[in-house]
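Hi everyone, thanks for making time this morning. I'd like to walk you through a structure that may be new to you, so please have a look at it first.

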Amino acid sequence: MIRKILLSTLLSINSVAFADVSADSVKVHELKEVVIQAPKVIRKSDMDVYHPSKSAVENSKNGMQLLNNLMIPTLNVNDAFGSISAAGQSVQVRINGRESTIDQVKALLPESIKRVEWIDNPGLRYGGASYVLNFIVANPTVGGSLMLQARPALNCAWGNYQANAKFNIGRSQWEAGGYFKLTEGIKAHREYTETFTRPDGHELTRTETPLSGKINNSQGAAWLSYNYIKPDTTVFYVQLVANRNFSDLYSYHGLLSLSNGEKSVLLNDESGRVGTTPRFSAYLEQHFANRQILVVDFSASLYTGHSYSDYVERYEDVPDYITNVSTYIKDRNQAYGLEADYIKQWSSSKLTAGASYTANRNRSLYENLDGKVFHQRQDKAYLFAEYFQRINSVTLTGGLGVQYTTFNFKETGQGNSSWNLRPQATATYSLNQNHNFRLSFTSWQSAPSLAETNIAPQQLDGFQWRIGNSNLKTSSSYMLTFRYGHNFFKQRVSGSFSVRAFTSHDAITPYLYWDNDRLITSYENSRGLQNLSFWLAEQIQIIPNRLIFSGTIRYKAERMKGKMYTLYNHTWSGDAALMFRHKGFQVAFQYVKAQRNLWGEKISWGEDFNVITVDYNWRNWQFEAGMLIPFGKYDQGSKSLSQWNRNEQHMRLDMRMPFVSVSYNLQWGRQKRGANKLINADADVEHSTTQGR
């Protein structure tokens, strides 16, 4: 009798699963786990799978809003700022396995999102990503959609605007969209104190009293994509995107008081960047017999633009300048990426092997150096193989990657190259559906950037300079993580407790040294960074699908060793969110205290912020009102611990902004699903930086 009941249950599950897949969908074979019930979160060996509730879908008008409503522990989702992060690090976003952008997530229909995969231990094929968020999107039953959103502030020139449309013809789908982010003339000031110590022991302290300042950060993009899907056989996808940085400016005006008793100095410090980046990508996925897949992806991007900085000092009653430093760099940089992966699956195991190649070609013209031109080329090749095996309640994953990196400056012939191994292993034990334990070891490499290796001297102020180091080597990082995932009280409480140990024995970090009367900032392969961190992340359904709390608390202890220093850092950080839903209304509050990170001789932190919103859904419309930073102060800054320059900087923005938002979704006809890119070739183009102290 029991066997008949189990068989009947499994047949029912299969019937529902097949009914959910339309005739024109592409079947992406994955290793299934038998789940009799459909809880909100399923803890698999390599990810946590979240199924959106009906109320979460109904209170969302795009993919970003739905992700925010899921309230995944450890994940910071800021729909107003358009950002996704975890533990102070960036999150790689994917749609059906294809690497995507936050703007593409915003273009997703909430009804089409079947589940969200949260991967906090990405495998080798993710290219060293710290975290991965994958949206699994099923076929909508409509033939087209139009999504519009506008979110302006009411008291300043700030806002986000987006439009996206999809059309289907047979097995083809066309998509066109664009967004514009307005940040213009936002009032800002800098709280800054610095103490310089010369090798002879002489000290000078300069304290900056802010007088005025502003920030511009307006940018936009437009995209057009086409995909062709032949079920179970072929997927072809091409996309053209054009990004434009219209105005990127940080401007500070202050009064410097000097500890040696000299007259106060008026300071003007500005830096910015303007540029355009078109990008093309093409993707092919071919399915073969015996559950084999070959995927190939190509991408190319071109950056043309300029970066600039102006640093001026003068006495209040004297028109002549004490210091007048200007830097102006024109970039014309290219990047190309090609990747191919082979995937073979069996009933309880999977083999993935792949290769990728990335090329960067950078050309920088320094107008402040009499038009001198510098060329840098960087090449990276990567090979990997990874094997997954499930044995009852235990799953094992092991793999090895090999990376070759080389870069060279044409004008001087200077450069470097290196081979690095990238081993990775994970073991997971699932006690049951509500409790699992995972131990994972991962590693990755970080190649030196254009700014770190550029040997062209850049003057920052009267005596501070920045000079890159062309002898840098690719650094390696290693991480060991233990994670306990749990669900209690019928999943009304779910979350994880984690312990992580990290080391990078040759991390690329900045360091300072005196060269006669010049204080130089350069870069080195350090003696290593080590840290140990603990965090607890929980989601509590106080009233299921009505009143929900999500929060994370983190502690980190770290040690940084440079050639001439050893520094320590102990820090607490965290976030909390509370959401209430009732009859189409939704009220949410979010608070984030950013993690303080030690890197080189500096401790830096991202945005400390809070936001409150009230939403109302009516048919195809969503109306929202909110306030950015209703409590406290906006803070983003850094603290230098160098023996030659001890300083502390806080960037304060006038971010107490009331705003409104209007979203509209229109759907019609019959629509196909977008292409499922399983990989994404890296072609991120680099650009110069002129930002000063």
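Let's begin at A447, which sits in the loop that runs between strand β23 (435-446) and helix α5 (450-453). Please keep in mind throughout that we are looking at a predicted model. Is A447 buried, exposed or something in between? With a relative accessible area of 30%, A447 is partly exposed, because the buried class stops under 20% and the exposed class begins over 50%.

What does A447 touch, once we set aside residues up to four places away in sequence? The list is Q378, T405, T474 and I508. For a sense of distance, take G632: it is 185 residues from A447 in sequence, and the two C-alpha atoms are 39 Å apart in space.

Now let's move to another loop. D120 lies between strands β8 (113-119) and β9 (132-137). Here the relative accessible area is 11%, so D120 counts as buried, the limit being under 20%.

Which partners does the D120 side chain have for polar contacts? Two arginines come up here. One is R438, whose side chain meets that of D120 at 2.4 Å. Another is R483, where the side chains make a polar contact at 2.9 Å. If we leave out neighbours within four places in sequence, the residues in contact with D120 are S130, Y131, R438, R483 and R500.

Let's step back to the whole chain. How many helices and strands are there? The chain has 5 helices and 39 strands. Its radius of gyration is 26 Å, close to the 26 Å that the globule rule gives for 693 residues, so the chain is as compact as a globular protein of that length. Along the principal axes, the C-alpha trace spans about 95 × 55 × 50 Å.

The accessible surface comes to about 30100 Å², and carbon and sulfur atoms account for 58% of that. Contacts also reach along the sequence: taking pairs at least 6 apart, 67% join residues at least 24 apart.

Last topic, charge. The chain carries 74 positive and 60 negative side chains, and the centres of these two sets lie 9 Å apart.

Definitions and conventions
Residues numbered from 1 in each chain as written. Predicted model: local features only at pLDDT ≥ 70, side-chain atom pairs only at ≥ 80, totals over all residues. Heavy atoms only, no water. Helix = DSSP H or I, 4+ residues; strand = E, 2+ residues; numbered from the N terminus. Buried < 20%, exposed > 50% of the residue type's maximum accessible area, 1.4 Å probe, protein only. Polar contact = N/O pair within 3.5 Å; in protein donor to acceptor, adjacent residues only side chain to side chain. Contact = heavy atoms within 4.5 Å. Rg over C-alpha atoms; globule rule 2.2 N^0.38 Å. Areas by Shrake-Rupley, 256 points an atom, 1.4 Å probe, with all protein chains shown as cover. Lys, Arg positive; Asp, Glu negative; His and termini not counted. Charge placed at Lys NZ, Arg CZ, Asp CG, Glu CD.
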